[in-house]
Amino acid sequence: MRVLRFAIIMVPLCFALSGIRVHSQSATSSQTVPSTQSKPESKKSLWGTNKDKPQPPPPPPPKLEHFDPSQVDKTLDPCQDFYEYACSKWNAANPIPKDQVAWGTGGGLQYWNESILREVLQKAATPTANRTGYEQQIGDYWAACMDEVTIEGTPATRSLAAGMEYIDHLKSKSDLAGQVAHLHLAVPGAWRGDDNQTRSALLGFGPHQAYDDATRVVAAIDQGGLGLPNRAFYLKNDDKSKEILSEYEAHIAEMLILGISEESAEQGAADAKTVVAIETALAQAQMDNVARRDPKNLNNKMSLKEVKALTPSFDWKAYLEAVKAPPSSPYYLVSSPQFFRSLEQVIQQYSVDDWKVYLRWQLIHGSAPYLYKPIAEENWVFYSQTLLGAKQPLPRWRRCVRTADRDLGMALGQAYVAAAFPPESKQRAVAMVHDIENALDRDITDVDWMQPPTKAEAKVKLHAIEDKIGYPDHWRDYSPVKITRGSYLENVHEATAFEFHRQLGKIGKPVDRSEWTVTPPTISAYYDPQLNSVNLPAGILQPPYFDSTMDDPVNYGAIGMVIGHEITHGFDDQGREFDAKGNLRDWWTPEDAKAYAQRADCVANEYTKSGVEAGVKQNGPLTQGEDTADNGGLRLAFMAVSNKVQSENKSLDIDEADGWTPRQKFFLSFAYSWCTQYSPELTRTVESTNPHSIPKYRVNNVVSNMPEFQQAFSCKKGSLMVRDNQCRVW
Ligand SMILES: [Zn+2]
């Protein structure tokens, strides 16, 4: 559902393709799965493992990267292109591995975190008599996922037979709602709507914190239904977009032939056209991702009667009964009423048989990652290779670690914390968060464009931020989830139904402010504007972002910037619309709001002008919240470390033994933590769907707005890293 959450995305391999809440579902963002089949050469099997032979043991984890200023290319000018100065040597020495679509200094950490989880899972998989209930669950989940012999011995048509039979029961359009409910209960994330584009079945339904009363949870209904990352993929007319859409149609045909008994090639091709036509109509009906950035556009409160009136042909009563939604929602939050008005026409326009085709596609598509090679690989080829540029699938163990983290991660994470997150790390992180919050307090005092009443409100909000560091206070109880060693797909269904019911159970109840929405090993961080909380999971509190062996300037440049970024989200163009309690409430005087908008526009314009990568331009209005957070984040981290160094009677500007000043190392460490290369396909997808800018701009645009940087490297006016018109919000 439309859960607002502003994340940072450190390791791009783990990001969802769209939406604000980028990242969370690191796990298996489904685009990471595989298969084989007799296909043309270009599509030959990339998995290669013979199911009869034992797989070789995974290679040992790579060592974690630590900030290393000897990687700087001193032949380059830091004042002309700081990203290249700091990153070109590292990037050249570390090409993107074939099974990744991006690679950066944090890539090894992802592997390292997954290796820790693998050990825990493998150990629990030995069926000893004294396993705890939780060990049985994670161990058997792992065993079923790693059991290639069983998985490869089961054709997709057999795995999907029960689901296909259910779809055959669709007799009239009034049955459509029950069918969608069935998919939402079985396919991971299918109920999430726009937050889970590429795996969203027709529409989204779930809990949402009320915008005007952050203490309670209501039912929310969202647009959805697309198999491509967002609506632009269906509607844009340039050659590349048309090419991708036609490859998508071919992919759907292939999947239908693989997943449906007796589906001929001809029928598959015709059915694929139907799916693309339906999805294109849904795409046309959707609100675009820039309009969705303004929560005021999404806060449409309706009674169930009004919801039904938008789409009379969708039987909401049947849907709500089928998913067992609590009847206690005071109203329904409809993110995009226009989508549901148009959905009525789409339902009417297509026949019952057409809708069966759409449902079959959804079932096959949503199950593919958990099925045998032919279908899993076809899924991988389109989603990971064509859309993102991967050359080889991830090894099975990494895929299994990610689905285990997704499906049982709030229990599995305990072992990660025990192994990788000592109390000293937590203490130091907490202290840094406080330092950076204090820096924003001073910044609010000092800025000249804001008047005292707004400043006072801003400070109330700042001081009310809840810092959640490392891991949740309470671990989730998964005991109702029935996991066996028998079927990976069934385990996924069980976990999906549990999660969907857990989510629906929140509707009508007071909000649980202690909940975490990412698992502890996740390499990301987020700010939640409705909880007014900053969340830093243990997974990112590791080198190269957070490093107990390094001095303060290095840590403030890397993880300090991340912390500052999340805090700034509370005060970016979206975050500023929420108050200290998380209510959508305007606490700005009109003059201050106007002054704010001028500054925010400066940022948006700057990034729009940044340049063209992989044929696509940055979209400043889409990325302005994240860009504001990047700029504010680095500045706040710098203020905090300056203050700390001063209080210790030290200086940022003396040469140290390695030839760098602490000020220089702050900026180099910042850039180093963002040294990341994307495949051209990923760049293209990110530029058109993702609210974050690509790493080069996340570094260069930010430093070129900062006199503190120019001082570090004695950059002269006129250099590319010294903007004439420097943007600054915070
Ligand atoms: Zn962010």
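Predicted model: local features only at pLDDT ≥ 70, side-chain atom pairs only at ≥ 80, totals over all residues.
Contact here means heavy atoms within 4.5 Å.

Helices α9 and α10 tell another packing story. Here the axes of α9 (residues 239-259) and α10 (residues 265-285) come within 8 Å and cross at roughly 130°, which makes α9 oblique to α10. The crossing is a right-handed one. From α9, the contact draws on L245, Y248, E249, I252, A253, L256 and I257, while α10 puts in A265, G268, A269, D271, A272, K273, V275, V276 and E279. That set splits into 11 nonpolar residues, one polar and four charged.

Next come α17 and α20. Helix α17 covers residues 396-420 and helix α20 covers residues 488-504; their axes lie 10 Å apart, at an angle of about 25°. Angles under 35 degrees count as roughly parallel, so α17 and α20 are roughly parallel to each other. Their crossing is left-handed. On the α17 side R396, T403, R406 and D407 take part, and they meet Y488, V492 and A495 of α20. The tally for this contact is three nonpolar, one polar and three charged residues.

Zooming out, the domain assignment of the chain gives two domains. Domain 1 is pieced together from 86-91, 421-475 and 510-712, whereas domain 2 is the stretch 172-371. Taken over C-alpha atoms, the centres of domain 1 and domain 2 are 34 Å apart. As for who takes part in the contact, domain 1 supplies 22 residues and domain 2 supplies 24. About 1800 Å² is buried between domain 1 and domain 2, with carbon and sulfur atoms giving 50% of that area. On the domain 1 side, three residues stand out: Q530, L584 and R684 supply 33% of the area that domain 1 buries against domain 2, more than any other three residues.

L584 turns up again in the surroundings of K296. Leaving aside residues up to four places away in sequence, K296 touches E577 and L584. K296 itself is in helix α11, residues 295-298.

Most residues other than glycine have a negative phi, and most peptide bonds are trans. Against that background, T198 has a positive phi, near 90°, without being a glycine. T198 is found in the loop between α7 (176-186) and β3 (203-209). The other case is the peptide bond joining P543 and P544, which is cis, with omega at about 5°. P544 also belongs to a loop, the one between β9 (533-537) and α21 (552-569).

Conventions: Residues numbered from 1 in each chain as written. Heavy atoms only, no water. Axes fitted to C-alpha atoms, helices over the stretch in contact; angles between N-to-C directions. Helix = DSSP H or I, 4+ residues; strand = E, 2+ residues; numbered from the N terminus. Parallel < 35°, antiparallel > 145°, perpendicular 65-115°, else oblique. Left-handed = near helix turned anticlockwise from the far one by under 90°. Nonpolar A, V, L, I, M, F, W, Y, C, P; charged D, E, K, R; others polar. Domains from an automatic or database assignment. Buried area = accessible area lost by both parts, 1.4 Å probe.
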